[in-house]
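Subject: Handover of a structure

Dear colleague,

Please find the sequence and structure below for your files. A written account of the findings follows.

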Amino acid sequence: MLPLLMALALMADGPTKAPVHDNGVCTGISWITLAPGESATVDTGADFEVMRFSGPLGPEDNWWSVYNGDHPQVTGNGPVLLERDGVTVRSALTNGLFRGYVAQKGDGALNHFFGSIFTGTPTDKAIFDRIDFGRKRDLLCGKDKGGEHPADK
């Protein structure tokens, strides 16, 4: 019960502006380049973070999020959307309903991508064109799973 109360207390302050550098953000195994006019905030819990993105018109404008933690509410149990840089991106299905994508490295590290911009169709591959799991991510976020920018340490 105490860990749950701590997590709720941390989130009670609401989201904070995400640490943007080089026109993008780090979250877990991903480096995400921001689209023109897009902004990012982060909600931090005891053992996770949720990076939230919105378009120039605010939170209801093409919102999407990325969960970075060890206990997502979904699994990547659907079809593979893409494989790149040692990461497999699979659809997440719950009772047959599309719930976003789980990107997972071979070592088990993962991110859950979800929100209104995802349709559950092959056209979603285009969104992942601005998400890097490899060299650029390692360079801009560091090789650790936490994804902090080296200058932020």
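**Aromatic cluster**

Phe53, Trp64, Phe98, Tyr101, Phe113, Phe118 and Phe128 are linked into a cluster by ring pairs. Rings of Phe, Tyr and Trp (its six-membered ring) pair if their centres lie within 6.5 Å; planes under 30 degrees apart count as stacked, over 60 as edge-to-face and the rest as tilted.

Before the details, a note on the basis of this account. The model is predicted, so local features need pLDDT of at least 70 and side-chain atom pairs count only at pLDDT 80 or more, whereas totals for chains, interfaces and linings use all residues. Residues are numbered from 1 along each chain as its sequence is written, and side-chain values use heavy atoms, with hydrogens and water left out.

Because Tyr101 lies in strand 9 (residues 97-105) and Phe118 in the loop between strand 10 (110-115) and strand 11 (131-132), the pair ties together parts that are 17 residues apart in sequence. Helices (H or I, at least four residues) and strands (E, at least two) are DSSP runs, numbered from the N terminus.

Tyr101 is buried, with a relative accessible area of 1%, and Phe118 counts as buried at 7%. Buried means under 20% relative accessible area, exposed over 50%, and partly exposed in between (1.4 Å probe, protein chains only).

Tyr101 also pairs with Phe128; here the centres are 5.7 Å apart and the planes are at 90 degrees, so the pair is edge-to-face. Phe128 is in the loop between strand 10 and strand 11 while Tyr101 is in strand 9, so this pair ties together parts that are 27 residues apart in sequence. The relative accessibility of Phe128 is 0%, and the residue therefore counts as buried.

**Phe133**

Phe133 is placed in the loop between strand 11 and helix 2 and is buried, with a relative accessible area of 2%. Leaving aside residues up to four places away in sequence, Phe133 touches Ile29, Ser30, Arg84, Asp85, Val87, Val89, Ala103, Phe113 and Phe128; contact means heavy atoms within 4.5 Å.

**The sheets**

Strands of a sheet pair through backbone hydrogen bonds, either parallel or antiparallel. Two strands are taken as paired if DSSP finds at least two bridges between them.

An open sheet of eight strands has the order 1-4-5-6-10-9-8-7, with antiparallel pairing. Strand 1 (16-17) and strand 7 (80-84) are its edge strands, each pairing on one side only. Within this sheet, strand 5 (residues 48-54) and strand 6 (residues 64-69) run antiparallel and are joined by six bridges; Val50 has Tyr67 in strand 6 as its bridge partner.

Strand 7 and strand 8 (residues 87-94) are paired in the antiparallel sense over four bridges, and Glu83 has Thr88 in strand 8 as its bridge partner. These two strands form a hairpin with two residues between them, and Asp85 in the turn has a positive phi of about 55 degrees.

Another open sheet has three strands in the order 2-3-11, again with antiparallel pairing. Strand 2 and strand 11 stand at its edges with a single partner strand each, so one side of each is left without a neighbour in the sheet. Strand 2 and strand 3 (residues 30-33) pair over four bridges in the antiparallel sense, with Thr33 in strand 3 as the bridge partner of Gly24.

**The disulfide**

A search of the whole structure finds one disulfide, defined as a pair of cysteine sulfur atoms within 2.5 Å. The disulfide joins Cys26 to Cys141, with an S to S distance of 2.1 Å. The torsion about the S-S bond is about -95 degrees, so the disulfide is left-handed. Cys26 lies in strand 2 (residues 24-27) and Cys141 in helix 2 (residues 135-141), so the pair ties together parts that are 115 residues apart in sequence. Both Cys26 and Cys141 are buried.

**Confidence**

The protein chain averages a pLDDT of 84, and 80% of the residues score at least 70; pLDDT is the predictor's confidence in each residue, from 0 to 100. Over residues 1-11 the pLDDT is below 50, and this stretch has seven contacts in the model beyond near neighbours in sequence. The pLDDT is also below 50 over residues 145-153, a stretch with 25 contacts beyond near neighbours in sequence.

Yours sincerely
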